[in-house]
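Me: I am new to protein structures. Could you show me how to read one, feature by feature?

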Amino acid sequence: MDYQLNKNIAMLIERLGITPYDFSKKIGNKRPDNIYNVINCKVQVSPKTLDKIISTFPDYKHLVITGVDDESAGEGEMTMSAKQHILQFLEYLNIGQAAFEKKVGISNGYVNNLKGSIGSTIISKISSAYPELNSTWLLTGEGEMLKGKDADMEIRPAHTIRYWIDADATAGGVQLF
């Protein structure tokens, strides 16, 4: 599981200089223990909680989503590159947009018609369907497309056909096969 958003929320709480309890009250969360569980990576942050955080602290949206405290990245820039990154990921998987949209659970044509920002609900769905995809890369292009060193082995498309080449070989003039 990817707890990067949880870590980013913990970073935001630290940046604001408030306690997790006060943070929980500010976003209108009735159960402060939920925020404690989120920042301690016991549970993943829900899309609803993420929306509350972003709407309460809109100036820190970039920090929450990417973990980078850089206000220079504009909203439009993130949106355009996110669509391009989705298309690049689909090319890597060698699947079409319809197959991606079906697996993620989003409407047909979503990727093709993507003009605004990607909402936290969609990011959460993509992360659930493709846990090997780096969500920071998806939104900003920073880092690697896939998480971990061995991600190549985990992401092999289902329709890949492996084949062996039948070959004759000789060693020292003696035929081995």
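This is a predicted model: local features need pLDDT of at least 70, side-chain atom pairs count only at pLDDT 80 or more; totals for chains, interfaces and linings use all residues.

Me: Start with helix H1. How many residues does H1 have, and what span does it reach?

Reply: Helix H1 covers residues 4-16, which is 13 residues. From first C-alpha to last, H1 reaches 18 Å. That is close to the 18 Å expected at 1.5 Å a residue.

Me: Which residues of H1 are buried?

Reply: Look for a relative accessible area under 20%. In H1, that picks out Asn-6, Asn-8, Ile-9, Leu-12 and Ile-13. Now look down the axis of H1: these buried residues fall within an arc of 160 degrees, so they line one face of the helix.

Me: What do the buried residues of H1 pack against?

Reply: Four helices: H2 (20-26), H3 (32-39), H4 (47-56) and H5 (61-66).

Me: What comes just after H1?

Reply: Gly-17 does, and Gly-17 takes a positive phi of about 70 degrees.

Me: How do I describe two helices that pack together?

Reply: Use the angle between their axes and the distance between the axes. Take H1 and H3. Their axes come within 8 Å and cross at roughly 115 degrees. Angles of 65 to 115 degrees count as roughly perpendicular, so H1 and H3 are roughly perpendicular to each other. On the H1 side, the contact is made by Asn-6, Ile-9, Ala-10 and Ile-13. On the H3 side, Ile-35, Val-38 and Ile-39 make it.

Me: Now a single side chain. Is Glu-101 buried or exposed?

Reply: Glu-101 sits in helix H7, residues 97-104. Its relative accessible area is 3%. The cut-off for buried is under 20%, so Glu-101 is buried.

Me: Which backbone atom lies 3.0 Å from a polar atom of the Glu-101 side chain?

Reply: The backbone nitrogen of Gly-109. Leaving out residues up to four places away in sequence, Glu-101 touches Ile-106, Ser-107, Asn-108, Gly-109, Tyr-110, Val-111 and Asn-112.

Me: Let me try His-85. Where does His-85 lie, and is His-85 buried or exposed?

Reply: His-85 lies in helix H6, residues 75-93. With a relative accessible area of 11%, His-85 is buried.

Me: What does the side chain of His-85 reach?

Reply: The backbone oxygen of Trp-137, at 3.2 Å. Beyond its neighbours within four places in sequence, His-85 is in contact with Trp-137, Leu-138, Thr-140 and Gly-141.

Technical notes: Residues are numbered from 1 along each chain as its sequence is written. Side-chain values use heavy atoms; hydrogens and water are left out. Helices (H or I, at least four residues) and strands (E, at least two) are DSSP runs, numbered from the N terminus. The expected span of a helix is 1.5 Å times one less than its number of residues. Buried means under 20% relative accessible area, exposed over 50%, partly exposed in between (1.4 Å probe, protein chains only). The arc is that of the directions from the helix axis to the C-beta atoms. Contact means heavy atoms within 4.5 Å. A polar contact is a pair of N or O atoms within 3.5 Å; within protein, one must be able to donate a hydrogen and the other to accept it, and residues adjacent in sequence count only if both atoms are side-chain atoms. Axes are lines fitted to C-alpha atoms, for helices over the stretch in contact, and angles run from 0 to 180 degrees between N-to-C directions. Angles under 35 degrees count as roughly parallel, over 145 as roughly antiparallel, 65 to 115 as roughly perpendicular and the rest as oblique.
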